Amino acid sequence: MLEEWFFWAYERHQNVLSWYIRPLFLLPFCFFAYRRSLKGIVVVLLLLLSSMFWFPKPTEVDPHVRQFLQMEQDYLLGNWSLAKILMTLLVPGSLAALAYAFWQRSWLYGLLVLNLIAVLKIVWSIYFGGDSGFAVVAPALTGLVLCNAVAAALYLLRKRKRRPRQP
């Protein structure tokens, strides 16, 4: 039953709309970390994890997307070595670092971690997926640009509010 659900979800994950919205979940994730709301963080993580199968299975799938997702399936269902476990632990570890940075209200470190997550996702995708890994680049960079733009705008607004008005 779990294997059946796994493949059902992966069929829907071929819809690249889920690839574009997933990075945007980092915005509310950072917001709730900044507000120090564990409940908010957990809800966002659950939404993030489930978002890969919100969209219907696409009628046509780009061959690079199909090849990349096949590589991900093989990665997840293949043998797990210590190196693979440690590399995979970078995902929750980087999210924990991101939450910690914003929990501590460090915009600089938060943005550094956010950018590092996106860059590492691209590097991992290309390293393990070869040419098919380039299918991840546009969604990852789009999410990164939007997250950076929103974070920069919020930071500037916050900084502007703190400045005393001059006559």
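**Reading loops, cores and a surface patch**

Mentor: Let us begin with a loop. This is a predicted model, and in it Arg105 lies in the loop between α7 (90-103) and α8 (107-129).

Trainee: What is the phi of Arg105?

Mentor: Arg105 has a positive phi of about 65°, although it is not a glycine. Arg36 also has a positive phi, of about 60°, and is not a glycine either. The place of Arg36 is the loop between α3 (26-34) and α4 (38-50).

Trainee: Is Gln14, in its loop, buried or exposed?

Mentor: Gln14 is in the loop between α1 (2-13) and α2 (17-21). Its relative accessibility is 16%, and therefore Gln14 counts as buried. Leaving aside residues up to four places away in sequence, Gln14 touches Pro58, Val61, Val65, Arg66 and Leu69.

Trainee: Which residues have the most contacts inside the largest nonpolar core?

Mentor: A nonpolar core is a set of buried residues joined through their side chains. The largest one here has 19 residues, and Leu26, Phe29, Leu98 and Phe102 have the most contacts inside it. At least two residues of this core come from each of α3, α4, α7, α8 and α9 (137-162). The largest share, 5 residues, is supplied by α3.

Trainee: Which residues does Phe102 touch?

Mentor: Not counting residues up to four places away in sequence, Phe102 touches Cys30, Ala33, Tyr34, Trp107, Gly110 and Leu111.

Trainee: Which residues make the nonpolar surface patch?

Mentor: A patch of this kind joins nonpolar side chains of residues with over 30% relative accessible area. In this model, Phe7, Leu76, Leu77, Trp80, Leu82, Ile85, Leu86 and Leu89 make a nonpolar surface patch of about 750 Å². The elements giving two or more residues to the patch are α5 (63-77) and α6 (82-88). With 3 residues, α6 gives the most.

Trainee: Is Leu82 buried or exposed?

Mentor: Leu82 belongs to helix α6. Its relative accessibility is 61%, so Leu82 counts as exposed.

Technical notes: Residues are numbered from 1 along each chain as its sequence is written. This is a predicted model: local features need pLDDT of at least 70, side-chain atom pairs count only at pLDDT 80 or more; totals for chains, interfaces and linings use all residues. Side-chain values use heavy atoms; hydrogens and water are left out. Helices (H or I, at least four residues) and strands (E, at least two) are DSSP runs, numbered from the N terminus. A nonpolar core is a set of buried Ala, Val, Leu, Ile, Met, Phe, Trp, Tyr and Cys residues joined through side-chain atoms within 4.5 Å. Buried means under 20% relative accessible area, exposed over 50%, partly exposed in between (1.4 Å probe, protein chains only). Contact means heavy atoms within 4.5 Å. Patches are made of residues with over 30% relative accessible area and no salt bridge: like charges are joined within 9 Å, nonpolar side chains (Val, Leu, Ile, Met, Phe, Trp, Tyr) within 5 Å. Accessible areas come from the Shrake-Rupley method with a 1.4 Å probe; for residues, only the protein chains shown count as cover. A salt bridge is a side-chain nitrogen of Lys or Arg within 4 Å of a carboxyl oxygen of Asp or Glu.
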